[in-house]
Amino acid sequence: MLIKSLKRTMKNLFSYYLVLSLLCITPVNAELPNLGDPTQKEISPYQEYLMGKNFYKALKANVPFVEDLLINEYLDSLGQKLVSQSDQPDNTYHFFILNIPSINAFAGPDAYIGIHTGLILNAENESQLAGVLAHEISHVTQRHLARAMTESSVSPAAMFATILAGILLSTQNPQAGAAVLYGSSAAMMQSQINFTRHNEHEADRIGIHLLRKANINPAGMSDFFGKLLKKADSNNVLAQMEYLRTHPLNSTRVAEAQNRILASDKKLPDDSLDFQLSRARIIVMTSTSLNELVNHIEKLDSEKNNITRQYTHAIALTRQGNSQKAISILNQLIQQHDHPWFRLDLAKAYDINNQPEKSHAVLQKLALLYPNYLPVTIEYALILNRLRQQEKAIEILKQQLKRKQHPLVFQILAQNYYANKQVTAALEATSHQYELEGYLQLAAQQIDYALKQTNLNPSTQQRLISRKEALLNKLSKEQGFSN
Ligand SMILES: [Zn+2]
């Protein structure tokens, strides 16, 4: 407990120091990239890549992320659906969710797009969330941030520091964020980063086009913006609505967005069960009293129970430890509507209820129905490991990696290799995990440990040596860039 709180204090101190040092643009912190010559103006693609990577790493180290795979996969698929309709469908986008109650969304360098849980909770349907995503994606496709950096009077390195400081501050305490930023010289730079009215209109216009092409009702965008504006006016809660500060919004903008909606758009779908279930998961995850939440649901008229309410009930009960009751609700839900999440949560509830065999049976079936669906692969591999079936777990994880490299897959793969006494393979898997998380030094260190294993066959040894060289080259390129 003490260590935990000490760690937290250290983390807070670190982030406080980080933010202060960023605001003063003092010598660059070890965690931050030195983006080359401070007088250099033009941003190269490699510089943008490094900015994005370090931006994400700094957020990861300082801000609470939603780690729930189901919600993350949902947001990613919604985001990719929109990206696929843009004029740059092959660009890599990274969508992620921060567990922060204020209403905000932002597009950082190199297409890193973050959404706060507060925004998802305030959206009523999928088209409203998709409206915000489409707007952010359009800031990226129109290169608004990259252009602002290039055209600004300050260097990309200083600009990067300001963006990061602004976002870190706003994610921790919205009021302090605004106060500190506007009270310092950084305010000047911030004003250059804030998207101009022209950029906002452009992102709305292109965003509406993306929504329509992705077969999502674009009216969700203007509805959500209108709702935010009304809320800000009536409650004077601007500090909670970071979004309005970073994306200036007024009634003209909302009206213009409304005017762009065609009569035929109204026929497009504006909601999905996946959105409502993701929102339910966030409600449970962010609940300060599960007892109150469960009591509240149980007092509601059961005649009017819909799928989402029953699902919220079941996952809140599981989280509370009442897995028996959750199992019965989830089984009823599966009878009504066969959604993979109901089965995944059923498997989890069985596991918590000390019925790992039943959990295994549910996951085995799911893995056949949804091969290479990340949340299923991970849960299935975890239960296989517990049931000492590591060979099978390793097989499905390796299969998953063929689809997409994900640090969590490597992490679970390493656990299975260790349990199966394949230490070299475990170290290699961890090395890949660290590389994907952006920690090249640690990734190379794992290969060093692997090379120290006895009885390595010559081909493994050669592979390890080549991998270490590749990692060190990548590292020296990044460092060389900062020297
Ligand atoms: Zn905007």
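Leaving aside its neighbours within four places in sequence, which residues is L397 in contact with? The partners are T377, A381, V409, I412, L413 and N416, where contact means that the C-beta atoms, placed from the backbone, lie within 7 Å. This is a predicted model, so to speak of local features a pLDDT of at least 70 is needed, side-chain atom pairs count only at pLDDT 80 or more, and totals for chains, interfaces and linings use all residues. Residues are numbered from 1 along each chain as its sequence is written.

**Around L397**

- L397 sits in helix α21, residues 390-403; helices (H or I, at least four residues) and strands (E, at least two) are DSSP runs, numbered from the N terminus.
- L397 is buried, with 27 other C-beta atoms within 10 Å. A residue counts as buried with 20 or more other C-beta atoms within 10 Å of its own, as exposed with 12 or fewer, and as partly exposed in between, with C-beta atoms placed from the backbone.
- T377, one of the contacts of L397, is 20 residues away along the chain, and the two C-alpha atoms are separated by 6.8 Å.

**The sheet as a whole**

- Three strands make up an open sheet with mixed pairing, in the order β1-β3-β2; two strands pair if DSSP finds at least two bridges between them.
- β1 (94-98) and β2 (105-107) are the edge strands, and each has a single partner strand, so one side of each is left without a neighbour in the sheet.
- From one strand to the next, the twist averages 15°. Axes here are lines fitted to C-alpha atoms, for helices over the stretch in contact, and angles run from 0 to 180 degrees between N-to-C directions.
- Helix α5 (residues 126-141) packs on the sheet and touches β2 and β3, with its direction at about 20° to that of β2.

**Strand pairings**

- β1 and β3 (residues 112-116) pair in the parallel sense over five bridges. Across this pairing, F95 stands opposite I113 and I97 stands opposite I115.
- β2 and β3 run antiparallel and are joined by three bridges, with A107 opposite I113.
- A hairpin is formed by β2 and β3, with four residues between them, and D110 in the turn has a positive phi of about 55°.

**Inside β3**

- Five of the five residues of β3 are buried, so this strand is largely enclosed by the rest of the structure.
- In a regular strand the side chains alternate between the two faces of the sheet. In β3, Y112, G114 and H116 point one way, while I113 and I115 point the other way.

Technical notes
Contact = placed C-beta atoms within 7 Å.
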